[in-house]
Amino acid sequence: MFALLVLTLPALAQTRLGTLSGTVTLRDTGDPLHNATVLLVALGRSVHTGEDGKYEFRQVPAGTYKVVAHLDNTLTDEVQAVEIREGAATQADFRLRIGVLRQEIV
């Protein structure tokens, strides 16, 4: 009985976790953005997009999270509130746009 309990506990714990994935693209053209950073703020976890603009977080506890996509200072960041459900796969796509460059010359 104890061995059965020990073997099933890890499986039960894993069902409480979810996955978050998606694509980061350029709003104007729809082109995928390579090496963009996607950040799960509350967990302090980040990943970079691949050549195809895709990213993935595995083993994310259920809950609602602020997720930020960022590439560099020429593109605006996009922020979304994303709900992760137990044992489910969630998709959140980001479309970054070219921002206004502001500099002060002294």
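The chain of this predicted model averages a pLDDT (the predictor's confidence in each residue, from 0 to 100) of 88, and 83% of the residues score at least 70. Local features need pLDDT of at least 70, side-chain atom pairs count only at pLDDT 80 or more, and totals for chains, interfaces and linings use all residues. Residues are numbered from 1 along each chain as its sequence is written, and side-chain values use heavy atoms, with hydrogens and water left out.

Where pLDDT is low, the predicted coordinates should not be read in detail.

A search of the whole structure finds 2 aromatic pairs. Rings of Phe, Tyr and Trp (its six-membered ring) pair if their centres lie within 6.5 Å; planes under 30 degrees apart count as stacked, over 60 as edge-to-face and the rest as tilted.

| Pair | Centre distance | Plane angle | Class |
|---|---|---|---|
| Tyr55 and Phe57 | 6.1 Å | 70° | edge-to-face |
| Tyr55 and Phe94 | 6.2 Å | 50° | tilted |

Because Tyr55 lies in strand 4 (residues 54-61) and Phe94 in strand 8 (residues 94-96), their pair ties together parts that are 39 residues apart in sequence. Strands here are DSSP runs (E, at least two residues), numbered from the N terminus.

Tyr55, Phe57 and Phe94 form one aromatic cluster. Tyr55 counts as buried (under 20% relative accessible area, with a 1.4 Å probe and protein chains only; exposed is over 50%, partly exposed in between) at 4% relative accessibility. Phe57 is buried at 1%, and Phe94 is buried at 0%.

How values were computed:
Helices (H or I, at least four residues) and strands (E, at least two) are DSSP runs, numbered from the N terminus.
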